[in-house]
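Have the sequence and the model open side by side, and take the points in order.

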Amino acid sequence: MAEKLIKPEDLARGISYKHPEKDWRDVPTEMKKGCINYGALPASADYLDLPNVKKWQPMHDDWQLPENWKEIIFEGLKERLKKFRSLQLFMDVCVRCGACADKCHFYIGSGDPKNMPVLRAELLRAVYRSNFTLAGKILGRMAGGRELTKDVIKEWFFYFYQCTECRRCSVFCPYGIDTAEITMMVRELLNLLGLGIDWITTPAANCFRTGNHLGIQPHGFKDSVDFAVDDLEENCGVRVEAPINKKGAEVLVVVPSADYFGDPHYYGFLGYMALFHEIGLDYTFSAFASEGGNFGLFHSNEMMKRLNNKIYAEAKRLGVKWIIGAECGHMWRVLHQYMDTMNGPADFLEEPVSPITGTKFENAKATKMVHICEFTADLIKHNKIKLDPSRNNHWNVTYHDSCNTARGMGLLEEPRYILKNTCNKFHEMPENTIREQTFCCGSGSGIGTDENLEMRMRGGFPRANAVKYVQEKHGVNLLTCICAIDKATLPPLLQYWVPGVEVAAIHELVGNALVMTGENDRSIDLRGDKMGGKEDTEDV
Amino acid sequence: MHVISSLFILALLIGLVFLGVGVLDLQYLFGVIIPYAAITLFLAGVILKVLKWAGAPVPFRIPTTCGQQKSLSFIKADNLEAPHNIWGVLGRMILEVFFFRSLFRNTKTEIKDEKIVYGSDKLLWAAGLAFHYSFLFIFLRHFKFFAEPVPQLMSIMQKLDGFFQIGVPELFLTDIVFIGAVTVLFIRRVVIPQVRYISLPADYFPLYLILGIGGTGICMRYFSKVDIVAIKQLATGLISLNPIVPEGIGIMFFIHFFLVCVLFVYFPFSKLMHFAGVFMSPTRNLINNSRVKRHINPWNPEVKVHTYAEWEDEFREVMKDAGMPLEKE
């Protein structure tokens, strides 16, 4: 795969924002290699009882659509128009002003006009007009309509899996039209025809069965956690407890599965464990709720609910008081905006109060789930932990806002507050690329696959471009973030565009800087590399 | 192509007035029946559309947060960009509706020397704002035709508008701003490649229609004089539901009036409904408090879940071997 990938300089030079003269409705879509994701494995789709399961790949000519595929789409669309005001409204009010056009990372990185958010939405809107509006029914094409054909279905598949549901366009839209909503709806429709992608369906099936996307069984989960405990002891000289499925613990901690299985997520996981040990938090992990992430979000609202269900169920079974959710972007979109609505009310839990500082987390009083950055920032503010930021002096840090925590939650300052207290060298990327205007990694919403690598490099170009700016200007060598998909997909992205910049969890820096009771000389960081600025830590 | 086809429709509409009023002498149709029908369709259409939107529930609380959430006491929350109470939402909506807050963010993305650069781009915001406000001002100014005596507010507005006292009758500033802004909106639609590519006849047509209305209006005021007294008689007659069509109203007025009627009828069936939709957008008008207060989804579906008991049944042996706690031994 890698040797075939277009070179970064060729990719950047090849991007053109000139568009064909031909009406977009007459431009056929090519299933371009490197820009599509493989179809769902039948076994995974079957496990989830999905409709119209088949062995199928998007590169094939025949997509084996069920006989009544048109009816399925029309019925499905009709149903969703009635169920979602967002969809109905977003179909009707777009004025095509073009403000969103160059706000999408996929458009910026590909120059493909159908990646402009407005045109991505028009792919659905055109079919909507022809079949659900009076003007469209009478005037057809003249009214911006379009007949629903098998090629339209293919085009939907291509472009709605080229949207990462990052919501950047919705920040700029004068009516708040959110392409993520439209993408979610079209993906639901495609799933009705059995046209899911494997990178979403298989993790969802795994999660449904074992409790996590990676399909790690409970004993494997325990092995990972035990291994991490050993690792942490080796690095810090402190042996921590990391209880699993412990009934009666005060707090249930839910992490994305990549935290205990992926790199560099894992160092952040070590950081959480070190922190919880140092403050003496009475907590437990769960092997059943061993996934905070939710690939159901990228599949359908029902699937999201099915996968999310286990968090409250497990909190109830274990009898905890409240829940901490670890670093993960889309996981927090679900926890913040969907969980309580879907699987609440969580009336069997208590309003979260930090046992260390006494702070009431009133912003989570119904959902009873606190973001770990909120929790840690509060500890720091109350001087409950001792931090030595010079231990991160080998890092020159910048921070990437994850789309979902930024635009789906408004969690902007908490991680920055933590960073300011855990490292000495911190530089922001340009303002058009951070906070609510942050750029996606280009691989979110379940499309971070190897087969989709070229499109990921294109979509990640704006993010990488901003990292390169601070690398050149300030010598930044570490991009921190609080999203598991970021941590998995930014390293190859930066390797491609900005070699020399690593990726890390916020809590990796917390773990490094944390002064622990009974610790060793801390000569190595959580990665096992030489700790930076050791000479400055004499006073510890 | 779309640029021409929609212009053709405007020409057709104007031709219709020449035929109807100029040739067939259907003053009553164009002066009374069509206007009444248009306003009825407008009201009914808008109400039905809004009811249709309102009839679809908002199952999830999905505001797009554009600022800091309210969380810890020492972190300043941004109530306007990520509202945490109703006042924040009100403020956000006021900024959006009256000042086009989101458009104000607009940037322009370019690639230079293999690098992406962002520039400020406020043209769309400025032209959009100028267009909407001048349109509103002109619309309100028209009430002088419907009211007798003319309310003082109208006279003040008119004085303000003609402040520079250029020409006789004095030139209205809003007329210039209006025509200028619509022209800018039209030109950017044709000139900017991305915007041209996405534009439909439904995007050009309203611009033509509005330019047609503005053009005929300006024409009547400054160039081809019409009988204002007769027009006012028609207008007051219409509004008091006692319509009469006085003699001697010029054709220019009928074109103007008919295009306004077309605009009214066109409204509920088109993108112009954004004027009502902007108030109902769930990414803007919801409080970002989904963790504070449970939001109810009226159709919250029953779904098949995987229970802990089923899970433990499948993995009991391996868990036992690993020494993990179990519910059932």
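**Notes for a first look**

1. Helices (H or I, at least four residues) and strands (E, at least two) are DSSP runs, numbered from the N terminus. Phi of A:R96 is positive, near 50°, although the residue is not glycine. A:R96 counts as buried because it has 23 C-beta neighbours inside 10 Å. Here buried means 20 or more other C-beta atoms within 10 Å of a residue's own, exposed means 12 or fewer, and partly exposed lies in between, with C-beta atoms placed from the backbone.

2. A word on the model: it is predicted, so local features need pLDDT of at least 70 and side-chain atom pairs count only at pLDDT 80 or more, while totals for chains, interfaces and linings use all residues. Residues are numbered from 1 along each chain as its sequence is written, and chains are lettered from A and ligands numbered from 1 in the order in which they are written.

3. A:N245 also has a positive phi near 50° without being glycine. Look for A:N245 in the loop between α12 (218-236) and β1 of chain A. Its 26 C-beta neighbours inside 10 Å are why A:N245 counts as buried. Most residues other than glycine have a negative phi, and most peptide bonds are trans.

4. Two cis peptide bonds deserve a visit. One joins A:D263 and A:P264, with omega about 15°; A:P264 lies in the loop between β1 (251-254) and α13 (265-279) of chain A. Another runs from A:G344 to A:P345, with omega near -5°, and A:P345 belongs to the loop between α16 (339-343) and β4 (369-371) of chain A.

5. How is chain A divided? The domain assignment (bounds from an automatic or database source) gives domain 1 (2-196) and domain 2 (204-537). Their centres, taken over C-alpha atoms, are 31 Å apart. Where they touch, domain 1 gives 29 residues and domain 2 gives 32; contact means C-beta atoms, placed from the backbone, within 7 Å. On the domain 1 side, α5(A) supplies the largest share, five residues.

6. Now for the two chains together: 97 residues of chain A are in contact with 82 residues of chain B. Helix α14 (residues 301-318) of chain A brings the largest share of the chain A side, seven residues.

7. Which residues touch the most other members of the largest nonpolar core? They are A:I323 and B:F258, in a core of 236 residues. Such a core is a set of buried Ala, Val, Leu, Ile, Met, Phe, Trp, Tyr and Cys residues joined through C-beta atoms within 7 Å. Helix α11 (residues 251-266) of chain B contributes the largest share, eleven residues. Leaving aside neighbours within four places in sequence, B:F258 is in contact with B:L13, B:V17, B:F30 and B:I34.

8. Finish with B:Q69, in the loop between α2 (27-55) and α3 (86-99) of chain B. B:Q69 counts as buried because it has 28 C-beta neighbours inside 10 Å. Not counting residues up to four places away in sequence, B:Q69 touches residues including A:N363, A:M409, B:A77 and B:N288.
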